[in-house]
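Here is a report on one protein chain. It goes from the overall picture to the sheet and then to the charged pairs.

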Amino acid sequence: MRKRTGATSRRTSTARAAMAAVAVLVLGLTTACGGGDSGGDGDKPAKPDAAADATTEANDPKDPGQVSEPPALEEQPKTVDPKVKGVGAGDGKELTETELAAAVLATGDVSTFKVDPMDGPPAQGENADDPACAPLTAMINGKPEPVASAAVYRQLLGAKTGRPAISEFLTTHGTQGAVSLLSRLGDAVKACEDGFKGSGAGGSSTYSAVKRIDVPKAGDDTLAYQVTGDFEGDPVPLVFHVVRVGGTVATFYTANLEGTTTPEIPSILLATQAAKLK
């Protein structure tokens, strides 16, 4: 737990509330800052509440200078559940939206997570000030490029505690498009390591750094990276793990709105999604 006092704590709370609002607007994270309820009933998409949670923290008179780190993840399965069967996308088949909905992770595929439907991102997102960084803002927008022919969106929540909250979007591009997507994204991570700015209808954002993260390989290709948001001087880590199987790309996204530690995305999620696609 980190302590801040006075003007610094007020600035930090405001900054994290702003970041929560960005996370909600862009990818609909409901509990990235530590909430425990999915907010969804059955097939009804979960309603985002991260901005409300962060605003509550900002207005909490008890100790506005406290910012707690997220709890450690519960122990994850070591291997993919043998009941998970592939849908045959490994040969480059361009899946339809209906086929993507059948192939995306569902409750029961990974015992430590439950899965809820999630609305897609808004029509308007951010644009990078540097064209080399455009693949990064495309991911932040929830719309990886080249543009997908079909996409589905899900929210993954820790089965016991609701933590962590991870967004997944599964998109289909054809093999050539999917290979290009990861290649361009890898180039952007390298080119934009010193940060970039984004702007859109909702205002502007500053990202102070981008770095690649090591991740076990899954599927045909895997890439993981962190984009560090800079909100009034406070770093907010955003993490993306991307896995390709044939022409289909699975993107997992989460954010740490409570501290500077890089948030974790369990590798079993990538491995299981890759197995479900093959």
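## Overall picture

The accessible surface of the protein chain is about 12100 Å², and carbon and sulfur atoms hold 50% of it. The model is predicted. Of the 278 residues in the protein chain, 51% are buried. The chain has 6 helices and 11 strands. Among contacts with a separation of 6 or more, 68% are between residues 24 or more positions apart.

Confidence comes next. The mean pLDDT of the protein chain is 79, and 74% of the residues reach 70 or more. Among the elements, helix H5 (residues 174-191) has the highest mean pLDDT, 97. Strand S1 (residues 2-3) has the lowest, 36. Over residues 1-68 the pLDDT is below 50. Beyond near neighbours in sequence, that stretch has 142 contacts in the model.

## The sheet

Nine strands, written here as 9 strands in order S3-S5-S6-S11-S10-S9-S8-S7-S4, form an open sheet. The pairing is antiparallel. Strands of a sheet pair through backbone hydrogen bonds. S3 and strand S4 (127-128) stand at the edges. Each has a single partner strand, so one side of each is left without a neighbour in the sheet.

Helix H5 packs on this sheet. H5 touches strand S6 (165-172), strand S8 (203-213), strand S9 (221-231), S10 and S11. The direction of H5 makes about 45 degrees with that of S9.

How many of the 12 residues of S10 are buried? The count is 11, so S10 is largely enclosed by the rest of the structure.

The S9 and S10 strands run antiparallel and are joined by 11 bridges. In this pairing, glycine 229 has valine 236 in S10 as its bridge partner. The hairpin of S9 and S10 has 2 residues between the strands. Glutamate 232 takes a positive phi there, near 55 degrees.

Strand S10 (residues 234-245) and strand S11 (residues 248-255) are also antiparallel, over 8 bridges. Arginine 244 has valine 249 in S11 as its bridge partner.

## Charged pairs

The count comes to 5 salt bridges.

| Salt bridge | Closest N and O atoms |
|---|---|
| Lysine 78 with glutamate 75 | 3.1 Å |
| Glutamate 99 with lysine 93 | 2.9 Å |
| Lysine 276 with aspartate 109 | 2.6 Å |

Lysine 276 and aspartate 109 link distant parts of the chain, 167 residues apart. Lysine 276 is in helix H6 (residues 267-277). Aspartate 109 lies in the loop between helix H3 (97-103) and strand S3 (113-117).

Are lysine 276 and aspartate 109 buried or exposed? Buried means under 20% relative accessible area. Lysine 276 has 10%, so this residue is buried. Aspartate 109 has 14%, so this residue counts as buried too.

The other two pairs in the table read as follows. Lysine 78 and glutamate 75 are exposed. Glutamate 99 is partly exposed, with a relative accessible area of 27%. Lysine 93 is at 37% relative accessibility and counts as partly exposed.

Methods. Residues numbered from 1 in each chain as written. Predicted model: local features only at pLDDT ≥ 70, side-chain atom pairs only at ≥ 80, totals over all residues. Heavy atoms only, no water. Salt bridge = Lys/Arg side-chain N within 4 Å of Asp/Glu carboxyl O. Buried < 20%, exposed > 50% of the residue type's maximum accessible area, 1.4 Å probe, protein only. Helix = DSSP H or I, 4+ residues; strand = E, 2+ residues; numbered from the N terminus. Contact = heavy atoms within 4.5 Å. Areas by Shrake-Rupley, 256 points an atom, 1.4 Å probe, with all protein chains shown as cover. pLDDT = per-residue confidence, 0-100. Pairing = 2+ DSSP bridges. Axes fitted to C-alpha atoms, helices over the stretch in contact; angles between N-to-C directions.
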